[in-house]
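These are my notebook entries on a two-chain structure. I record below what I looked up, entry by entry.

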Amino acid sequence: MSVSQVQEPHPADAIRSPRPPQFPALPDPRLVFEIEQFLYREARLLDEERYEEWLGLLTEDVHYWMPGIQARYRNDTSGGPISERMAFYDDDLLNLRRRVTRFMHATAWAEDPATRACHIINNVEVELTDTEGDYRVYSTFVNCRGRNEAEESWLAGRRTDLLRRDAEGALRLARREIYITQTVLLAKNLNVFL
Amino acid sequence: MSEQLEEEVWARPSAESLRQLVDLQKGRISPRIFWDDAIYRLELERIFARCWIFVAHESQVASPGDFLTTTIGEDGVIVARGNDGQVRVFLNACPHRGNRVCFAEAGNARRFTCNYHGWAFGRDGALLGLPAEEIYEKTCPDFDKSELGLMQARVASYKGLLFATFDPAAPSLDDYLGDYRWYLDVILDTDEGGTEFLTGNIKSWIDCNWKVPAENFVGDALHAQWTHNSGAVAMLGSGVGKAKQDSVYQANTNGHGMQFGFDMVGNIMTLGEPELVQYIRERETLVAERLGKVRSRMVAAMGSATLFPHFSFLAGLNTIRTWNPRGPHRTELHTWVLVNKDAPASLKAKYRRGVMRTFSPSGTLEMDDGENWENATRTAAGVVARRQKLHYGLGLNSKVEHEELPGNVHLRKFNDSNQRAFYGRWLDLLCAEDWSQVPGGR
């Protein structure tokens, strides 16, 4: 292809004046602070294996979803993660409870010695929704697990949460969507909530 | 089809040295088979490039242009349905410079175009065109597009399961499966409408030799009550009960094996979905009419199975999985959910979630397996550990005749007989220079 045939990637006016993103108005910083602290405290409960208390942060109708990720071509009309595809987590409260039961059981051999987990939560953004007391919260995470002597596995991803203020005024997690960067989980298991 | 070279020349382990590693009479196996590079390399040649390898369920490539990518051993392949409705399997490696020609896991494509120089291949793997084609025609005296397609494997299907082999001398798929088809029908043929895979495919890496999970599924009933106690507590509310040992069996043929009982719902109970148990119970008479009374009691019974070399399933629990070799000490696990095509959508969703929460990387049962398999592999790094002969001697005297069960049948599930048969077939294949030397009737 000769130089004269190379086209500008964008019309000249678009280069001069790119369209700014349409973000909603920033919420009250006290709300953002409260939600950030909620997420950090939640992460610490998981790191410290305080699963009973972690379950206490969830609404009764919680939906905890971590879809499997597939590498598909951009023109694939079936799009990104969809609920009909296989997932790592697609749980209600009962099934999160079942997982906690296994984690805590004395015969969960692969949890003894304990897995050492560290959740790093970042990029927290809070948006108000049309429903009073419901907040859409974006965040990112890095999760590191250490096992036995020298085993280590890393996961990074994005989360979209729906937090809801309950009747007593406390924040609860009503919905979480987790998107990791791996299509092949580069670990033998996923013995951690993200 | 492009020209194929003769077999590589390298220092293959001798048949004699291999036989010393596996003593089927006493039931003793050397951990070296899980660790040594040369054995692994020989497995890729003589098992994965030779046997019929499961590549897809027909439902995954239902329409012309539907494709998915997977592997046969460490060879990447594309499984694609052509415009003529036929499914083909071809190498995912360009005959020009060897680059991958397809990078997506699944989708629908008109053609597969190499990113490197733009060689484009059709849904049937044939070379359709390439940039500067006229220069090739002018300057390459033997240039023939028809000989530069992607390398094709033989493809055959059994009741929805698609298998492929790159060995032109391999026996027919029917002969390869033999009597095992009777057992496969327990998951594939309980309903007029046949089966399908739910969409999606969960993949993960386990740092273990691929045979460790394959032998676990072929017949390791023993580990369930110990390894999976915590998972059973989570899913059933109580630990694994004391397993019955009468009227429970291990059966194998050609190295394929299944361990099972006739409790009908033992496996499916674990999913924690009472409606699925109900579905199986309601269909008992119907299934008995199709498959007979014996198999109607096996459809979701406690048990496990491996189709040699690397395809495993749990009847009723409906997980299907392959243990794909990625070096001697790494396995890439691919898992799917199998359902009856005509099952109600609400039940399919329950299968999908049930399998996820039991047998997937996050599953309450599977989580404990990977830990065992990795460490059962890693200990073989030790010189002294490799001198140890591992004990596979359970049930040496348990062979029985059974009126209705085909293959080699052994009474009692706590039994290593299927695992010995798996390694018997493994040894036969590794020792044979080609299919004509592989003993039949095992």
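**Entry 1**

The criterion I used calls a residue buried if 20 or more other C-beta atoms, placed from the backbone, lie within 10 Å of its own, exposed if 12 or fewer, and partly exposed in between. This is a predicted model, in which local features need pLDDT of at least 70 and side-chain atom pairs count only at pLDDT 80 or more, whereas totals for chains, interfaces and linings use all residues. Residues are numbered from 1 along each chain as its sequence is written, and chains are lettered from A and ligands numbered from 1 in the order in which they are written.

B:Asn254 is not a glycine, yet its phi is positive, at about 55°. I placed B:Asn254 in the loop between β15 (249-253) and β16 (256-260) of chain B. For element names I took DSSP runs, numbered from the N terminus: helices are H or I with at least four residues, and strands are E with at least two.

B:Met264, also a residue other than glycine, has a positive phi near 70°. B:Met264 sits in the loop between β16 and α9 (266-269) of chain B. With 21 other C-beta atoms within 10 Å, B:Met264 is buried.

**Entry 2: cis peptide bonds**

I noted a cis peptide bond between A:Asp112 and A:Pro113, with omega about 5°. A:Pro113 belongs to the loop between α4 and β3 (116-128) of chain A. In chain B, B:Phe308 and B:Pro309 are joined by a cis peptide bond with omega about 0°. I located B:Pro309 in the loop between β17 (303-307) and β18 (311-314) of chain B.

**Entry 3: helix α4 of chain A**

Helix α4 (residues 93-104) of chain A has 12 residues and reaches 16 Å from first to last C-alpha, close to the 16 Å expected. The expected span is 1.5 Å times one less than the number of residues. I listed A:Asn95, A:Arg98, A:Arg99, A:Arg102 and A:Phe103 as its buried residues. Down the axis of α4(A), these buried residues fall within an arc of 140°, so they line one face of the helix; the arc is that of the directions from the helix axis to the C-beta atoms. They pack against α3 (51-55) and β2 (87-91) of chain A, and against α8 (229-236) and α13 (345-358) of chain B.

**Entry 4: strand β4 of chain B**

I found 6 of the 7 residues of strand β4 (residues 66-72) of chain B to be buried, so this strand is largely enclosed by the rest of the structure. β4(B) pairs with strand β5 (residues 75-81) of chain B in the antiparallel sense over 6 bridges; pairing requires that DSSP find at least two bridges between two strands. B:Thr71 stands opposite B:Gly76 in β5(B). The hairpin of β4(B) and β5(B) has 2 residues between the strands, and B:Gly73 takes a positive phi near 65° there. β4(B) is also joined by 3 bridges to strand β7 (residues 106-108) of chain B, running antiparallel, with B:Leu68 opposite B:Ala106.

**Entry 5: where the chains meet**

I recorded 39 residues of chain B in contact with 32 residues of chain A, contact being C-beta atoms, placed from the backbone, within 7 Å. Strand β7 (residues 184-185) of chain A and β14(B) run parallel and are joined by 2 bridges. The bridge partner of A:Leu185 in β14(B) is B:Ser204.

How values were computed: Contact = placed C-beta atoms within 7 Å.
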